[in-house]
Amino acid sequence: MDIIVNALYTHKEVFLREIISNASDALDKIRYLSLTNPELLGDQKELKIMIEFNKDDKTVSVTDTGVGMTKEELVKNLGTVAKSGTAAFAEALSKGDVNNLIGQFGVGFYSTYLVAKKVVVTSKNNNDDQHIWVSQAGSSFSVIKDPKGNTLGRGTRVTLYLKDDAIEFVEQDTLKNLAKRYSEFINYPINILIQKQITKEVEEEPTEEKPKEETKSEDEVEVTEEKKEESKEEPKKKTVTETVWEWELVNQEKALWLRNKDEITEAEYNNFYKSLTKGNEDPLTYSHVKAEGDIEFKSILYVPASAPYDIFENYYGKSKSIKLYVKRVLVTDEFEELLPRYMNFIRGILDSDDLPLNVNREQLQQHKVLKVMTKKLVRNAIKMLESLAAGKDTTPDKAKSDDDDEDEAESKKPELNQTDANNETSNATIKYEKFWSNFGKNIKLGIIEDSSNRNSLSKLLRFYTTKSMDKLTSLDEYLARKKPKQDVIYYLAGDDRETLFKSPLLQKLKDADIEVILMDDPIDEYCMNALSEYEQNKVQNAAKGDLRLFEDPELLKKKQKKLQEMYKPLIDWWRKHLGKKVEKVEISTRLVDSPCIISTSEYGYTASMEKISRSQAFSTRDKTADYLLARKTLEINPGHPVIKKLLEKVKEAGSEEPAESVIEMSDVLFDSALLSSGFDIDDVSNYFGKMERIVRKGFDIDEKEAVEEPVIDLDDDEEVSTENKDKKEEKAGEELSLIHICRCRRLLTCRSRWSPYH
């Protein structure tokens, strides 16, 4: 038995869930049978589950007022491992035969041996006397008639004598928390007998005082008695603490997902979310879905209004975002594949009746039904986010219109004036922008990881562009504004949106009035590399490859060939001079104002990606793999005067090396192009040294002129400060003398006034 139980279960605490689940099944059966025969309920019409514990005896008891079992059923159902009366009942119910099928225990019952060394089951069925089933660690069992008689009336009581290593489960807080966690949404009330400390006021006991033996006159005695009558007061009270036992309801929350969504208000959805997450913030949006077909389930999904601080700390671990219920009994809240990792921010529940009833509920995680549920659940989650992005309401009325005829839904919509419509659109935009700021990175991760839903997720993307620097733009809005002949979505990735906007890489695109998406999140470029295409429009990085725009390819090819021949001396010399720093030097098709720029190959890394790869924790700058570095191309602007002048200097040198000043200028141009393209310079000190020499030449300062310490005459300052000090002291002395004279005059005046001769 130990081998079977420990193979099925990994957590001891599930024993309480299984017993309560079995009790709920028993209550379901008596309720169903009573529909056709109300007399079966007898005097026990209340259907409930009760939990008790005894610390002295180390026992835990769970009692239900369900259908109960006869002696024969106790032997048959509890004496055979994995014999499930529930499964037989469900099978008979489908056939229309429910007579005498009242068993309630399956494999779940044997989870009790995780914590119990002895199990006692007392059961009373309407068709038999009350019997007791006893088993010691599952090795053997015995069934006897209860000598106490029919104390239960009807139902079953399971008493567990706990092992020494399971004493923690006799604590009332532990039992209450476990019952609330796993069985919070059971249809029937679950009560636990708990111990409480209460305070109340009681009368103080009067203290007896010995009377003093004094002789008094009769008159004095009468007066004393009258005073006693007048001084009668209310008795004094004190506060005492008492220990009492009382029943407390555990499952106050109801299974909201089982109700018709038309009957549920938005406040109820919000309150349910708060109870689910143990928070006090309303959700951003929600979705209540009832899936029907081959596999049926009900779910409520929520999008939080704010992101948790540790949303990506345990990204590859088990997610606790969705709770799986089977007939309102919690199976687990730690699933790896119920929702994909990138949806770890979504909160909610999933309840299904299609999962097997007669197997361990922990093993359901591997059931094939869950894989189908996962697909449907992901689609529903994406639809919820699409509705949020489109500004659709998620209130129950709107949820109803999603399933009804569209024309009927439209006819029920109230007429809105233009101001109300604009306000509604603005609020919806603000709502989605809030979502995007919190969970936009999750959507980008979804595009990278979830290829099957990539197209749907791409509609949720939002970015800033060169034409929308302050407002987020969707890809659909980008396509609506594109040029008639444009079939490419251009983007540029980097560290800062403002810097990207001013990048020389965009000069040709901006000159042609083509919108470019600006991406300043490190994950953006990975996301767009995975997307590659959207609505039959190629997605291209503006820093990669050639920008042909709308020019005739043949004409552009001829033009480039002519320019290449014209600047061949400069191109060949510069390529040789730079060596491995660049892959090639060519005439640019993207520059307008700048002399040169660094682009990368179409299938290689960009500046942004190279920075990310080099900044990895275990990356070594001098040992970075070649495939992790960008393959740089130096593009020169043939119309720029600096490039023309550089070509002249190279031609003048002929087969020899150009002058040192020319080489230095070319190096400065190259390093400046690296910086403006987003790359790092290997030797920053050398770059600034060259810049200093250029500045010296610009101001006609000799390169060899040394830095001199400025001459400062400190003696003059000391003399001036000494004179000022003397003047201040002299002035202060004069002020003190005046004050002294004034005080003397006042003293003389006062004395003359108070003289006794006046």
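**Rings and charges**

Student: Which residue lies over the face of F501, and at what distance from the ring centre?
Tutor: That's K510, sitting 3.9 Å from the ring centre of F501. Keep in mind that this is a predicted model.

Student: And what sits over the ring of Y464?
Tutor: The charged end of R497, 3.9 Å from the centre of the Y464 ring.

Student: OK, switching to ring pairs. How many aromatic pairs are there?
Tutor: The count comes to 20 aromatic pairs. One of them is F185 with W257, an edge-to-face pair at 4.8 Å centre to centre, with 70 degrees between the planes.

Student: Where in the chain are those two?
Tutor: In distant parts, 72 residues apart. F185 is in the loop between α5 (172-183) and β7 (190-203), while W257 is in the loop between β8 (237-249) and α7 (266-277).

Student: Is F185 buried or exposed? And W257, buried or exposed?
Tutor: F185 is buried, as its relative accessible area is 2%. W257 is buried too, at 1%.

Student: What about Y273 and Y302, how are their rings arranged?
Tutor: Tilted: the centres are 4.9 Å apart and the planes make an angle of 45 degrees. This pair also links distant parts of the chain, with Y273 in helix α7 and Y302 in strand β10 (residues 297-303), 29 residues apart.

Student: Buried or exposed, for Y273 and for Y302?
Tutor: Y273 is buried with a relative accessible area of 6%, and Y302 is buried at 0%.

Student: Back to F185 and W257: which cluster do ring pairs link them into?
Tutor: A cluster of F185, W257, F272 and Y325.

Note on methods: Residues are numbered from 1 along each chain as its sequence is written. This is a predicted model: local features need pLDDT of at least 70, side-chain atom pairs count only at pLDDT 80 or more; totals for chains, interfaces and linings use all residues. Side-chain values use heavy atoms; hydrogens and water are left out. Rings of Phe, Tyr and Trp (its six-membered ring) pair if their centres lie within 6.5 Å; planes under 30 degrees apart count as stacked, over 60 as edge-to-face and the rest as tilted. Helices (H or I, at least four residues) and strands (E, at least two) are DSSP runs, numbered from the N terminus. Buried means under 20% relative accessible area, exposed over 50%, partly exposed in between (1.4 Å probe, protein chains only). A charge sits over a ring if NZ of Lys or CZ of Arg is within 6 Å of the ring centre and within 35 degrees of the ring normal.
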